[in-house]
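Colleague: Could we go through this model together? I would like to start with the terms and then turn to the packing.

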Amino acid sequence: MANLNLNIAKKNTYDVIVIGSGASGGWAAKEFCDRGLKTLVLERGRQVKHVEDYPTASKAPWEFEHRGTVSLADKQGFSGSGFMREETKHWALPDDEQPVVYEKPFRWTRGYHVGGKSLLWARQTQRWSDFDFEGPVRDGFATDWPIRYKDIEPWYEHVEKFAGIAGFNDNLAELPNSLVQPGFELNCLEQHFKETLAKVYGNRWVISGRCAHLTDPQEIHFQQGRGRCLSQRQCNRGCNYGGYFSSNASTLPWAAKTGNLTLRPHSVVHSIIYDDKKSKAIGVNVIDSNSHEMIPFYAKVIFVNGSTINTNAILMNSLSNRFPNGLGNDSGLLGKFIAWHNYRGTANASFDGFKDKKTAGGNPSNAYIPRFRNVQRQETDFLRGYAVGVGGGRGEYSRQTGIGDTLRDNLLNRQWGNWNISAWMMGETVPTEQNHIRLHGDLKDKYGIPQIVFSCDWTENDVKMVKDFREQMQEMFEKAGFQQIRTADSKSAPGADIHEMGGVRMGKNPATSLLNEWNQLHACKNVFVTDGACMTSTGTQNPTLTFMALAARAANHAVDELKKKNL
C-alpha cells in the first residue's frame, strides 16, 4: 500500500498547479509552460476546445429552432433564465451544480468550462493608471496597493502584444496608452458627442474603447492560429477565427504546444493541502465531478485563479493546524472587502440630425468616457468615480399599417429612424469589511463542499455616485443637443457586471492584507492569487487586462524564485 501511494503521488506531481483555466489562469499556464515547468491546469467544468466546441458560432437566426428564444421547458433548473438565449445556452450553469446562499440579493455569473469567462467577457482592455493604484491611500479608504503603474507597465505590454488589442492611444494621464492595432472608429453621432465634450468641458473625453480583438494580426497571432476579427458581434458564442482573445484560442493552445501542459477538466477543487512540518502548501485536493472521487495532486507552486468568489472559498476551505480559519488567513480578512462595479446608472436620448448618414457593419467595441470625477482632487460628496460606456446608432423600422399588398410593402420597405445614443456607468465601489462572503456551517453542495454565503450590498457612496452619473449625463446630453433624454437607476442587485473583486487583497502590511506585491500569500509564499480576488480596489476600468498582467508578472516571479530555491 505504501508503494502504491508513492506511485500515485509521483504520477500526480507537477512543478506547478494552476486552479482555473480562464483569462488569468490561462496566462499563468502559458508563462510556466514557456519557461519549461510541468504545469497542471485544473478546471471544474467540461472541456471546450477552440472551434470544435462552439456549436452556435456564425449560425444565422433561421438556423435556430426557436429563433433564439429558449423554451420554458429548457429554462427549468436555471436561475436568471430570463436572460437565456439559444445562441449561448450551452454556457449556462444549472442551479444544482453549485447552490449558494444569498443573505442579500447578488447576481453571480460563473463560467464552468475550459476557458471560463474568457469566452463570456466584454473584451474591454483599458489600462489602470496611478490615479487608480493610489486611490486608497489618497482618500484613506481600503488599504494601500503594494505596487504602482511602473511595476505593471511592462506586463501590460507583454500581455497586449500577445493578446492583440484594437484601439487608439489617446495620451490621457488617467488612461495610459497601450500597444494597439487599428481601432474601431467612432460613428458620426459619437464623434459629435466627443467634439461637444472637448469644447464644453476640456477634461471629458469620448474615445473608442480598446478591446481584445485582432484588426491587424501579427506573426505572433498567426503562430497562435488566430485570424482577424470580422466584426460579426457574436463573440459570446465562441469565435471560430480566434478574432478576440480567449484562453481557448490563445494561451492554453500555446501552452499545450510546449509539451508541458496537462489540462484536467471536471476537476472541482476542494482545498489546498498544507504541510505543517514543511510550512508550505504541497498540493491540491480535487473531486472528480464525474466519479466524485477525491484525488490529490502535488506541486511546488500553486496558483489560485478560480475567479474571485471561488478563489476565496477554496482558501477558506483549506484548513490545517497552522491555518484553522483558512489558508493564509492570519489577518482574519479572508473573504472580506468584496467589491464589484456599479452599473446601475443608464441614460438614453435621440438626435434629430445626420439624416444623410447611417452605420454599416458591426463594431465589437463601443465609445468610452474615462473617469473624470475625483481624478486630480476630491470634488464630489462621494469617493472615487465612474467611467461611461457610450453607444450611438441609427435603427430601422417598418410601418405596420394597411392590409394586403400595402401592408406587405410597408413591412418590407424599412425606413430609417432617428439617431439614438445610450450610456451606462461603470462605477468604482469602495470595498467595505461588511461586504463579504463566508462558508456555511451546515449546508454543502453535491460534492460535500460547504456552500458559499453572500452578504454584499450597496453603500450610500454607490447611491450618490448613481445620482451624479444621472445628473452629469443629463447635462452632457443637453449640451450635445440631444432630445428625449432619459436617465435611470436600475437598482439592480450587486454583481450584475461579472466584475467581482477582492477578499484576498494585496497590500504591504500582513495585518491588513493577505497578498504581497508579487501576489504571494504573506503567510504561505508558494501560493499565489492572481485573479480578481487579489484586487485591493476596483478602479473604473474593465479589470481583466489587469488580472492577466498581474498573472504573467507573478508567474515569472515564481519561476525565478523556484530557481533560487526560495519556494
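Modeller: Helices (H or I, at least four residues) and strands (E, at least two) are DSSP runs, numbered from the N terminus. This is a predicted model, in which local features need pLDDT of at least 70, side-chain atom pairs count only at pLDDT 80 or more, and totals for chains, interfaces and linings use all residues. Residues are numbered from 1 along each chain as its sequence is written, and side-chain values use heavy atoms, with hydrogens and water left out.

Colleague: Where is Glu561 placed?

Modeller: Glu561 belongs to helix α13.

Colleague: Is Glu561 buried or exposed?

Modeller: Glu561 counts as buried, at 14% relative accessibility. Buried means under 20% relative accessible area, exposed over 50%, and partly exposed in between (1.4 Å probe, protein chains only).

Colleague: Which residues does Glu561 touch, not counting those up to four places away in sequence?

Modeller: Glu561 touches Asn566 and Leu567; contact means heavy atoms within 4.5 Å.

Colleague: And Glu31, where is that?

Modeller: Glu31 is in helix α2 (residues 23–34), and Glu31 is buried, with a relative accessible area of 5%. The side chains of Glu31 and Asn556 are joined by a polar contact of 2.8 Å. Such a contact is a pair of N or O atoms within 3.5 Å; within protein, one must be able to donate a hydrogen and the other to accept it, and residues adjacent in sequence count only if both atoms are side-chain atoms.

Colleague: Changing topic, at what angle do α6 and α13 pack?

Modeller: Helix α6 (residues 149–163) packs against α13 at about 105°, and their axes are 8 Å apart. The two helices are therefore roughly perpendicular to each other. Axes are lines fitted to C-alpha atoms, for helices over the stretch in contact, and angles run from 0 to 180 degrees between N-to-C directions; 65 to 115 degrees counts as roughly perpendicular.

Colleague: Which residues make that contact?

Modeller: Among them are Trp155 and His158 of α6 and Arg553 and Asn556 of α13.

Colleague: Which residues of the largest nonpolar core touch the most other members?

Modeller: They are Ile19, Phe32, Ile272 and Phe303, in a core of 103 residues. Helix α13 (residues 544–563) gives the largest share of this core, 12 residues. A nonpolar core is a set of buried Ala, Val, Leu, Ile, Met, Phe, Trp, Tyr and Cys residues joined through side-chain atoms within 4.5 Å.

Colleague: What does Phe32 contact, leaving aside neighbours within four places in sequence?

Modeller: The partners of Phe32 include Val16, Phe303, Ala555 and Val559.

Technical notes:
Angles under 35 degrees count as roughly parallel, over 145 as roughly antiparallel, 65 to 115 as roughly perpendicular and the rest as oblique.
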